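I have put my reading into a few numbered points, so please keep the structure open beside them.

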Amino acid sequence: MKCCVCNSVRVVRLGKVGAKPGAVTSDSALIQHPVIVWRCADCGHLQKLHTEDDWRVIGEIYNDYAGHRLSSGREQLVFPPGLPPRPRSYHALEQCRPKLPARGVLLDYGAGDGAVLKSAGKLLPDWQFQALDITNKFREEILRLPGVVGFTSGNPAQLPRAHFDLIVVWHTLEHVPQPSNMLRTFHQWLKPDGQVLIQVPDVARNPYDLGVVDHVSHFTNATLRFCARSAGFEITADGHPWTHNCLTFLLGSPEVLLSTQLPITPQCFLDEDDRRVGSKINGIPIVHPRELRATTPIVMPFLAETSRAIALRLASQCPGLKPEQFLYAD
Ligand SMILES: [Zn+2]
């Protein structure tokens, strides 16, 4: 048994949810199946460590999934003060819009019945949208939505690399077996300054979420932050007030965020990923560390332990770099 976020073996069984074996599915059907919740003693993540039998039951739920069953197929509304009621994805995207470019390409990762893409079509009229989902159930319906240019079902490996300005992962992360690993894969599909918009249930404000049999993860603000950071992202916006029972984060790359805080514009970004080398972020080139000849300081956007390890490794691998060039908080 290992934590699904940090891989620690120090996971503690908290016990069964409820006095009876009845549980619910995320599409709001009742099910007779016991659910057991565990907590990681290292990262604090609340989770279910599903057995093969649990995954078989969940597979049956997904085969006949009826998203938004209780609202006749429509997305849940939020009631923000001073604004008319609106779908929760519309509200979150509207709050994020000032931090997004005027034109871009959006990937809806786990598009379901297309709720996010309907909102995006209204708010981001000059963007292109692509959808990915495990099934083809809503393929034709989604392809007819304004701005949608592609639909991928099944294997995300087919997605184009370094292509997207925004990946939306909407009520999906709580379903996957290894959420941090999944977020880490997003780096390959995002442009260097691309962002990720996440929404998941907030177990601190909705503890009944523990009884949803196919929710593997039960995030709090702190554990979702940890999950995102361990996948190499930094929180650009925390939408805690946007939806009363959900966590909503806009994530970006830590180096882009740090660069906005520096007194001078950086000469370049360093990246060991050859697919990103040669691109630009806000006009600043991305360079491989082995190509750097300058003796200017290198600011590290990581905690001390990680920064030190990377600095020592790069200095030993790249003849042009010295350990004392790297700056980080100690
Ligand atoms: Zn953990």
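Predicted model: local features only at pLDDT ≥ 70, side-chain atom pairs only at ≥ 80, totals over all residues.

1. The protein chain falls into three parts: domain 1 covers 11–63, domain 2 covers 73–252 and domain 3 covers 258–327. Between domain 1 and domain 2, the C-alpha centres are 23 Å apart.

2. The contact between these two domains involves 20 residues of domain 1 and 13 residues of domain 2. On the side of domain 1 that touches domain 2, at least two residues come from each of β2 (22–24), β5 and α1 (52–63). Helix α1 gives the largest share of that side, with 3 residues. Sorted by class, the side of domain 1 that touches domain 2 holds 11 nonpolar, 8 polar and 1 charged residues.

3. Next, have a look at the open sheet of 4 strands, which is ordered β1-β4-β5-β13 and paired in the antiparallel sense. Strands β1 (11–16) and β13 (217–218) each have a single partner strand, so they stand at the edges with one side left without a neighbour in the sheet. The link between β5 (residues 46–47) and β13 is antiparallel and consists of 2 bridges.

4. How do α2 and α3 cross? The axes of helix α2 (residues 88–96) and helix α3 (residues 115–123) come within 8 Å, at a crossing angle of roughly 45°. That angle makes α2 oblique to α3. The crossing of the two helices, α2 and α3, is right-handed.

5. From α2 come S89, Y90, L93 and E94, and they meet A115, V116, S119, A120, K122 and L123 of α3. By class, the contact of α2 with α3 has 6 nonpolar, 2 polar and 2 charged residues.

6. There is also an open sheet of 7 strands with mixed pairing, in the order β10-β9-β8-β11-β12-β15-β14. Its edge strands, β10 (148–153) and β14 (234–238), each pair on one side only. On average, and ignoring direction, neighbouring strands of this sheet are turned by 20° against each other.

7. At the β14 end, which way does β14 pair with β15, and over how many bridges? Strands β14 and β15 (residues 246–252) are antiparallel, with 4 bridges between them.

Methods
Residues numbered from 1 in each chain as written. Pairing = 2+ DSSP bridges. Domains from an automatic or database assignment. Contact = placed C-beta atoms within 7 Å. Nonpolar A, V, L, I, M, F, W, Y, C, P; charged D, E, K, R; others polar. Axes fitted to C-alpha atoms, helices over the stretch in contact; angles between N-to-C directions. Parallel < 35°, antiparallel > 145°, perpendicular 65-115°, else oblique. Left-handed = near helix turned anticlockwise from the far one by under 90°.
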